[in-house]
Amino acid sequence: MNAPSQMSAQQLSAQNNAARAAVLASSVPMFQQVYSNVIQPANTPQINIPPQNVGLIRGFMLKLSATITNPSSGSSTLSLTSGGPSNLLQSIVFTDLQNYQRINTSGWHLSLLNSAKQGRPFLSSTASDSPMGYGSNYTVIKAPSTIAANTAGTINMFYWIPLAYHQNVLSGAIWANVVNATMNLQLNFANAAQAVVANTADPTLAIYQGAGAVAGVTLTNVNITLYQDYLDQLPMQNGQAILPAMDLNTIYELKNTSFNAIPTAQDFNIAYSNFRHFLSTSVIFDNQTGGAYPTAGSDVNFWSFRTANATDMRKCDPFTWSGMTRRKIQTDAPGGWYYFDTRDKPIFTTQTGNTNLVLNASTVNTGAQCLVGWEMFANVSNILGAASLAS
């Protein structure tokens, strides 16, 4: 890059950062309820919510509760799966003002990403060394570990659905002060057959697993509350709102896809597409058989980030990767779940050449697949020319 272009990029960045600082310093943070409803997933598996066209939107907090009823006739005790209440939402899709899908991902991916960015399991409570009763005193994210026959259980789940990367890093935020365009948030809920599966079925995307018959189990009364987080009363100059142009020209994307036909003891490549900066990759190696997973890490030889010249930037066994995950969320992800953090130096294939996440599995059971969640930045002006994500 020549010197004038470099200077221009520096000036643009400086202007964006100055505008961002002005917005954060003087605008009013708003957190308002914009939607509330109770649905029955058997009748209404999908809802569409138009966000409020107001302010600089940073994201949404979604609060859910639901009732799972385990009947008495021929049923058995239901046990919580690894994904648990995160699987109440099977998918989340957010379409922006330009009709581009910024978010099209799963409940488990959003839950894991929320945890990684918070630095511990999302909205968890940890006991403090205090005699004043600090601890887990409120119903936030909760689900009974088991639901006995002839019993009902209530699950509670929260998701932070981000548009901006962070509360104070506005990359991806949407200026919604418009009247001639609409956005849409689509929520797709699990039905009873997806939410509760038999002990011999794949539990990856279920909430509970039963040791016997589960045909009569019901999922009802999904209570939905959506809050919109935005900045209002932005600073003005010459009658126009001061806006961080580079932040608004950035899309913060969350997408997911799946891969199958995984070989045993051979490298399996999961490709990163061009024109995006990948901040993290979340993977479930869904290698269950008969409803049960192998012992965590026992079915993987290694995971690697590999460039086109066959150089491994990071190559570790699953236990070492788990150690890195502990540094991010202070605990282990569920068995078979992997979180690969690259936000300190995002994967940008335009600079590094074709890059792959490589899985070398020691054991591959019938029907095994990798469910992959991507977190990435994209530039609005480049996104239409970018390749689609591999699948």
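Colleague: In which sense do β3 and strand β9 (residues 174-175) pair, and what makes them count as paired?

Modeller: The model is a predicted one. In it, β3 and β9 pair in the antiparallel sense over 2 bridges. At least two bridges are needed for two strands to pair, so β3 and β9 qualify. Within β9, Trp175 is the bridge partner of Leu56.

Colleague: What other strands pair with β3, and over how many bridges?

Modeller: Strand β13 (residues 218-232) pairs with β3 over 12 bridges, in the antiparallel sense. Strand β8 (residues 151-162) also pairs with β3 in the antiparallel sense, over 12 bridges. Met61 can be followed both ways: its bridge partner in β13 is Tyr227, and in β8 it stands opposite Trp160.

Colleague: How do you know whether β3 is mostly covered or mostly open?

Modeller: Of its 15 residues, 13 are buried, that is, under 20% relative accessible area, so β3 is mostly covered.

Colleague: Which residues does Ile224 touch, sequence neighbours aside?

Modeller: Not counting residues up to four places away in sequence, Ile224 touches Leu187 and Phe189, and also Tyr35, Ser36, Asn37, Ile39, Ile47, Leu62, Lys63 and Leu64.

Colleague: Why are β7 and β11 said to stand at the edges of their sheet?

Modeller: The sheet is open, has 4 strands in the order β7-β4-β12-β11, and its pairing is mixed. β7 (146-147) and β11 (196-198) each have a single partner strand, so one side of each has no neighbour in the sheet. For β11, a pairing with strand β12 (residues 208-210) runs in the parallel sense over 3 bridges, and Val197 has Gln209 in β12 as its bridge partner.

Colleague: How does the span of helix α5 (residues 318-329) stand against the expected value?

Modeller: α5 has 12 residues and reaches 16 Å from its first C-alpha to its last, close to the 16 Å expected at 1.5 Å a residue.

Colleague: What puts the buried residues of α5 on the same side?

Modeller: The buried residues are Pro318, Trp321, Thr325 and Ile329. They cover an arc of only 65° around the axis, so they share a side of α5. Their cover includes α2 (107-118), β19 (300-307), β20 (312-316) and β21 (337-341). Phe319 and Arg327 are exposed on the other side of α5.

Colleague: Why is Phe319 called exposed?

Modeller: Its relative accessibility is 53%, and exposed means over 50%, so Phe319 counts as exposed. Phe319 is still in contact with Ala296, Gly297 and Ser298, leaving aside neighbours within four places in sequence. Gly297 is 22 residues from Phe319 in sequence, with 6.5 Å between their C-alpha atoms.

Colleague: What caps the N-terminal end of α5, and what happens just after the helix?

Modeller: Asp317 is the cap: one of its side-chain oxygens lies 2.9 Å from the backbone nitrogen of Phe319. The cut-off for a polar contact is 3.5 Å, so the distance of 2.9 Å falls within it. Just after α5, Gln330 has a positive phi of about 65°.

How values were computed: Residues numbered from 1 in each chain as written. Predicted model: local features only at pLDDT ≥ 70, side-chain atom pairs only at ≥ 80, totals over all residues. Heavy atoms only, no water. Contact = heavy atoms within 4.5 Å. Buried < 20%, exposed > 50% of the residue type's maximum accessible area, 1.4 Å probe, protein only. Expected span 1.5 Å × (residues − 1). Arc of directions from axis to C-beta. Polar contact = N/O pair within 3.5 Å; in protein donor to acceptor, adjacent residues only side chain to side chain.
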